[in-house]
Amino acid sequence: MPGRLTILALLLGSEVLIASLAFDGEQLPYGSHGLLWVLRNWGAWAHRWALGAAVLFAGFAFLKKQTVPAAFFGRFIRPGWLLAHAASLAVFGSLTIAIYGGRSSSNLIVATWAVCSLAVAVTAGYTVLPPTAWREWLRRTGSLWLLAATGSGLACWLGSLVRLLWEPVTATTFAIVKFLLSLVVEQLIVQPQAMRVGTANFTAVVSPECSGIEGIGLFLIFGALWLLLFRDELRFPHALALLPVGILALYLLNALRITALVLIGDAGWKDIAVRGFHSQAGWISFNCVAFALLLGARRIAWISAVAPPDREAAGEYPAAPYLLPFLAILAAGILSGAMTAHFEWLYSLRLIAAAVALWMFRHRYRGVDWKFGWPAVMAGVVVFAVWIAVDRLMTPAPIATGMPLELAQSSAALQMAWLAARVAGAVVAVPIAEELAFRGFGLRRLIAADFEAVSWHTYTVVALGASSILFGVLHGGLWVAGIVAGLIYGLVMLRRGRLGESIGAHATTNALLAVYVLTTGRWDLW
Amino acid sequence: MKTILGFALLMTGVAGQVVAGIPTPEIGASTAAGALTLLSGGIMVLRSRRK
């Protein structure tokens, strides 16, 4: 089971990530004054500085393990402070929605919001350890807190200097895209002043936001964390070469992405180019480069401090049968999204990907009991009721958009085929894949590293809660319903000790949801 | 040397989160969540290898 600081990092990290993705300073009114002006112009910087200081402090303190009190590696959490954390988070969340939704802008509300954010952090910290342990850690690390705060400020300032690079980096990206297009396009349209390049049918503007700098920033975060966490498996300074190599690869792939976008638009698929491909291709590149870094770090002798895995003697990957069906659905969804304009015609790719992954590992599921009974079905009905209730709370006046126009205007045969694939995916593939991932692997892995040895009846409150929170977060706006669903599916599995129960419950929920969507026209729930 | 390297790597990561904070309208929360989940899951599979 992970130590207390890992629990704290997961708890706060997931909350910060959700808030960062859901809310943006740009949502605040431009002509704000008072504390709202401060929040709009300095909120993001304060957030980055605080996050950076926490990462520097914790990371560097753990590099010197002797400064960390033994209590940090214990397992007990304090439920009273966890409740206080949940309460402060609820207030903070409500105030955030009010401020960023434009419903409140008074100095008192913003000040209360700031105090609540501190309360969220403090109660999270006290959930895992009492104040005395935190004071002891600060005492042992001396002036590290000051060094971390200063270092974070310096890093944020250095990072902001990247804006000086926008113009030359954008110009270079533009030049590379122009060169690549000139290899395949006869009559290229080039407007250097506007950074516009393309064909007579379709042109693109290479703006600073498309220069590749954001991907480079993400790769710096990922690469630095990877090198730090697994430094014992790497040779230094050789392993540092992975950073510039990865950055260069991402930069070139970004130029290739823009080139492909122009060619897709020129071929007549303008909406796909501008919508699906434009949003997904960057992430496809990032994942490919990140995985290449992971594999290269392991297999290149000049970089790796451990022997490369021997193909014949290579140990199996115990997590693969449980995670790969779910990851296959995700990957297929990203690829399908990259080829989507307004309507995901290629949804069946997800179904096929899941089926292939499950078939590949079919011999590894001997320890899984797929049976389920009526309690599982009843649990699925309860989850469906909760799902609809939460939706009604969050969307008091829902709009039934009905069948998407592209599908409605297609032939009856195509409609039936798409709907069959959609329902099969929702009722069969997704429940099996998600339950294998979150209950089969996630819940048990949070109990022990050797998760296969964990009985299907065994649980801890933290494992059940954390796996349910992760499950809920992945369900977007209805994350509250998702967390409740995760808890119920987990309890149903634990009651009889078989994964089939949670799969049955999940399939029942999704089947009822499919009927609901098709009868009410609430396609937004899909 | 290791200490300096460790601190430098941490600062690189922190600087990276500033660079990555440049707003890019077309990258929505859902695409980011899906892609990062895929990356995280892949890492978990690779790191689960029996030694």
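This is a predicted model: local features need pLDDT of at least 70, side-chain atom pairs count only at pLDDT 80 or more; totals for chains, interfaces and linings use all residues.
Tutor: Residues are numbered from 1 along each chain as its sequence is written, chains are lettered from A and ligands numbered from 1 in the order in which they are written, and side-chain values use heavy atoms, with hydrogens and water left out.

Student: Why are α9(A) and α10(A) called roughly antiparallel?

Tutor: Two packed helices are described by the angle between their axes and the distance between the axes. Axes are lines fitted to C-alpha atoms, for helices over the stretch in contact, and angles run from 0 to 180 degrees between N-to-C directions. Helices themselves are DSSP runs (H or I, at least four residues), as are strands (E, at least two), numbered from the N terminus. Helix α9 (residues 242-266) and helix α10 (residues 270-299) of chain A pack at about 155 degrees, with axes 9 Å apart. Angles under 35 degrees count as roughly parallel, over 145 as roughly antiparallel, 65 to 115 as roughly perpendicular and the rest as oblique. The pair α9(A) and α10(A) is therefore roughly antiparallel.

Student: Which hand does the crossing of α9(A) and α10(A) have?

Tutor: The crossing of α9(A) and α10(A) is right-handed. The near helix is turned clockwise from the far one in a right-handed crossing, and anticlockwise by less than a right angle in a left-handed one.

Student: What makes up the contact of α9(A) with α10(A), by class?

Tutor: Its residues divide into 15 nonpolar, five polar and two charged. Ala, Val, Leu, Ile, Met, Phe, Trp, Tyr, Cys and Pro count as nonpolar, Asp, Glu, Lys and Arg as charged, and the others, Gly among them, as polar. Contact means heavy atoms within 4.5 Å. Among the residues that meet are Leu250(A) and Leu253(A) in α9(A), and Phe277(A) and Phe286(A) in α10(A).

Student: How do you know that α11(A) and α12(A) are roughly antiparallel?

Tutor: The axes of helix α11 (residues 320-338) and helix α12 (residues 348-360) of chain A come within 8 Å and cross at roughly 155 degrees. That angle therefore puts α11(A) and α12(A) among the roughly antiparallel pairs. Their crossing is right-handed. Residues making the contact include Leu324(A) and Ile329(A) of α11(A), with Leu349(A) and Arg350(A) of α12(A). By class, the contact of α11(A) with α12(A) has 10 nonpolar, two polar and one charged residues.

Student: At what angle do α17 and α18 of chain A cross?

Tutor: Helix α17 (residues 479-496) and helix α18 (residues 499-520) of chain A cross at roughly 145 degrees, and their axes come within 7 Å. The crossing of α17(A) and α18(A) is right-handed too. Tyr489(A) of α17(A) and His506(A) of α18(A) are among the residues of this contact. The contact of α17(A) with α18(A) divides into five nonpolar, three polar and two charged residues.

Student: Why is Glu435(A) called buried?

Tutor: Buried means under 20% relative accessible area, exposed over 50%, and partly exposed in between (1.4 Å probe, protein chains only). Glu435(A) has 0% relative accessibility, so Glu435(A) counts as buried. Glu435(A) is found in helix α15 (residues 412-445) of chain A. Beyond four places in sequence, Glu435(A) touches residues including Tyr489(A), Leu499(A) and His506(A).

Student: What makes the pair Glu435(A) and His506(A) a polar contact?

Tutor: A polar contact is a pair of N or O atoms within 3.5 Å; within protein, one must be able to donate a hydrogen and the other to accept it, and residues adjacent in sequence count only if both atoms are side-chain atoms. The side chains of Glu435(A) and His506(A) make such a contact at 2.7 Å.

Student: Is Thr37(B) buried or exposed?

Tutor: Thr37(B) has 17% relative accessibility and so counts as buried. Thr37(B) sits in helix α2 (residues 29-47) of chain B. Leaving aside neighbours within four places in sequence, Thr37(B) is in contact with Phe326(A), Leu327(A), Leu330(A) and Leu474(A).

Student: Why is Ala420(A) called partly exposed?

Tutor: The relative accessible area of Ala420(A) is 47%, so Ala420(A) is partly exposed. Ala420(A) also belongs to helix α15 of chain A.

Student: What makes the peptide bond between Phe236(A) and Pro237(A) stand out?

Tutor: The bond joining Phe236(A) and Pro237(A) is cis, with omega about 5 degrees. Pro237(A) lies in the loop between α8 (213-229) and α9 of chain A.
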